[in-house]
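Please read it with the model open beside you.

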Amino acid sequence: MKITIDEDKCVGAGQCVLAAGEVFDQRDEDGIVVLLAPAPPQELWAQVEDAAARCPALAIEVEK
Amino acid sequence: MDRIVVVGASAAGLTAAETLRRQGFTGTLTMVGEELRPPYDRPPLSKQILAGDWEPHKATLRPEEALQPLGLHLKLGRRATGVDPVARTVTLDDGDTADYDGLIISTGLRPRRLPFGHDLAGVHVLRTLDDTLTLRAQLLAGPRVVVIGAGFLGSEIAATARGLDLDVTLVDIEPTPLFRQVGSEVGELVAQLHRDHGVSMRLRRQVAGMSSRNGRVTAVDLDDGTRIPADVVVVAIGSVPATDWLSDSGIPLGDGVLCDPTCHVVSGVYAAGDVANWPHPTAGGRIRLEQRTNATQQAITAATNLLAGPNRALPYAPVPFGWTDHYDTKIQIHGWCPPGAHIEVVDGDLRSRRFVALYHADGRVVGALGWNSPRALLRYRARLPEPTAA
């Protein structure tokens with residue numbers, strides 16, 4: 001799995017952190033997404049797909 | 001289930017379609033959208049698109065190559081005009097019909113309008129990308145702008161117009177901007193933010209009428225007799241659910257499409273997004289949520305429940321989340337932050353313009369609001385009661 005982030009689109013909602021906290025975090029100052037694990041292990045894939053689906057800015061792209 | 005029709009091709013409709021495919025629905029999937037454009041995102045309209053920071057195509061929800069694999073019968077520029085829930089048929093404005101085994105209604109909202117003024121040149125509403133581009137073209141001429149309504153949309157439009165260095169007046173009947181969304185204490189900070197950036201505020205004022213010359217607006221007249229000269233007026237006084245096409249269809253309507261706790265409407269029919277009205281377990285009754293995150297999450301639930309069938313359907317009980325960006329300020333809300341709730345600042349402080357506040361009502365936490373504190377806010381979300389279906 002490969003995750004791509006569009007920081008320009010990110011609105012800092014934090015929905016990805018709620019869905020997959022081991023893969024995503026937020027910058028303190030503006031809440032923009034921080035990718036903790038660009039190539040996460042398979043047991044987290046479902047969470048990552050959930051995070052991508054829930055992102056209100058569609059800023060997370062997932063390739064499998 | 002062989003045929004599913006999704007009416008409404010914005011965030012909720014597209015998410016429903018994607019969810020259906022992701023969960024293995026291989027039948028005929030039809031999506032009907034009133035606008036000709038492929039599905040696009042609305043939050044950037046009043047911000048990046050109106051400001052000109054983004055090209056319009058950047059608001060497109062999915063690139064063509066991501067829509068293709070969904071195998072949609074995409075009927076864009078076509079309006080659904082009715083549903084027969086017994087015959088299970090949707091009628092379109094060109095007389096065409098689409099039979100369904102499953103139907104998802106996600107037609108969203110239409111802007112509420114004033115009883116006057118909308119026939120005048122220079123008077124705008126903002127809901128669609130076309131509305132936004134039309135307004136932007138007008139703003140480029142350097143007009144004096146009056147925004148009527150200081151909810152999320154009007155307040156953002158005022159901030160964006162000020163960012164274009166225009167003369168902007170923001171009018172609202174309430175004592176502060178965002179009054180109903182964040183209450184008076186935080187609302188007062190929003191008012192101060194606007195004043196700091198040079199927006200003229202006319203609060204606790206109603207609009208009595210508009211003046212015009214040769215069919216073009218020249219001023220907005222307030223109930224205290226003052227007249228605000230205006231070349232462009234934006235009316236942002238809320239929205240109404242787009243259910244006109246469902247009247248007399250047998251689909252239960254109230255403030256939106258009336259669903260049960262699982263987003264189910266009548267046999268085979270579900271609703272999601274701004275248009276859906278359903279009983280929420282911790283909100284104390286039926287609600288609608290006009291929020292971007294709700295469009296996605298409710299569409300996921302509605303589509304999942306449609307495929308699962310009524311016996312295995314799960315209730316939709318989200319902690320609501322919304323946000324607004326003004327100038328360099330980001331305000332985010334989990335839950336509800338109504339006027340009258342007691343505010344407890346738990347991180348930072350109001351004066352520093354960087355804080356998290358919990359909203360208490362009826363002896364419990366009902367909302368958490370972050371002002372330029374996205375990461376800190378998330379830690380306090382857990383203080384909200386996690387809604388569980390009764």
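Which residue of β26(B) is the bridge partner of B:Ile343? The partner is B:Tyr359.

1. **Ground rules.** This is a predicted model, in which local features need pLDDT of at least 70, side-chain atom pairs count only at pLDDT 80 or more, and totals for chains, interfaces and linings use all residues. Residues are numbered from 1 along each chain as its sequence is written, while chains are lettered from A and ligands numbered from 1 in the order in which they are written.

2. **Chain B overall.** Chain B holds 8 helices and 27 strands. These are DSSP runs numbered from the N terminus: helices are H or I with at least four residues, strands are E with at least two. The radius of gyration of chain B is 22 Å, close to the 21 Å from the globule rule for 390 residues, so chain B is as compact as a globular protein of that length. That radius is taken over C-alpha atoms, and the rule is 2.2 Å times the number of residues to the power 0.38. Along its principal axes the C-alpha trace spans about 60 × 55 × 40 Å.

3. **Burial and contacts in chain B.** Of its 390 residues, 48% count as buried. Buried means 20 or more other C-beta atoms within 10 Å of the residue's own; exposed means 12 or fewer; partly exposed is in between, with C-beta atoms placed from the backbone. Take the contacts between residues at least 6 apart in sequence: 61% join residues at least 24 apart. A contact needs C-beta atoms, placed from the backbone, to lie within 7 Å.

4. **Domains.** Chain B is assigned domain 1 (3-110 + 239-312), domain 2 (113-235) and domain 3 (328-383). The bounds come from an automatic or database domain assignment. The centres of domain 1 and domain 3 of chain B, taken over C-alpha atoms, are 31 Å apart.

5. **The parallel sheet.** In chain B, an open sheet of 5 strands runs in the order β3-β2-β1-β7-β20, with parallel pairing. β3 (72-76) and β20 (269-271) of chain B are at the edges with a single partner strand each, so one side of each has no neighbour in the sheet. Neighbouring strands are turned by 15° against each other on average, direction ignored. Pairing requires at least two bridges found by DSSP. β1 (residues 3-7) and β2 (residues 28-33) of chain B share 5 bridges. One of the bridge pairs is B:Val6 with B:Met31.

6. **A helix across the sheet.** Helix α1 (residues 11-22) of chain B lies across β1, β2, β3 and β7 (102-105) of chain B. It runs at about 175° to β2(B). Axes are lines fitted to C-alpha atoms, for helices over the stretch in contact, and angles run from 0 to 180 degrees between N-to-C directions.

7. **Two hairpins.** β25(B) and β26(B) run antiparallel, joined by 7 bridges. Their hairpin has 4 residues between the strands, and B:Arg353 there takes a positive phi near 60°. β26(B) also pairs with β27(B), antiparallel, over 7 bridges. That hairpin has 2 residues between the strands, with B:Asp362 at a positive phi near 50°.

8. B:Arg351 sits in the loop between β25 (342-349) and β26 (354-361) of chain B. Is it buried or exposed? B:Arg351 counts as exposed, because it has 8 C-beta neighbours inside 10 Å. B:Ala368 lies in strand β27 (residues 364-371) of chain B. With 28 C-beta neighbours inside 10 Å, B:Ala368 counts as buried. Its bridge partner is B:Leu358. B:Ala368 also touches other residues, including B:His334, B:Val356 and B:Tyr380.

9. **Where the chains meet.** 13 residues of chain B are in contact with 14 residues of chain A. On the chain B side, α7 (292-308), β23 (321-326) and α8 (374-380) give two or more residues. α7(B) gives the most, with 5 residues.

10. **Chain A.** Chain A has 2 helices and 4 strands. Along the sequence the pattern is β-α-β-β-α-β. Buried residues make up 41% of chain A.

Notes
Two residues are in contact if their C-beta atoms, placed from the backbone, lie within 7 Å. Lists of a residue's contacts leave out its neighbours within four places in sequence.
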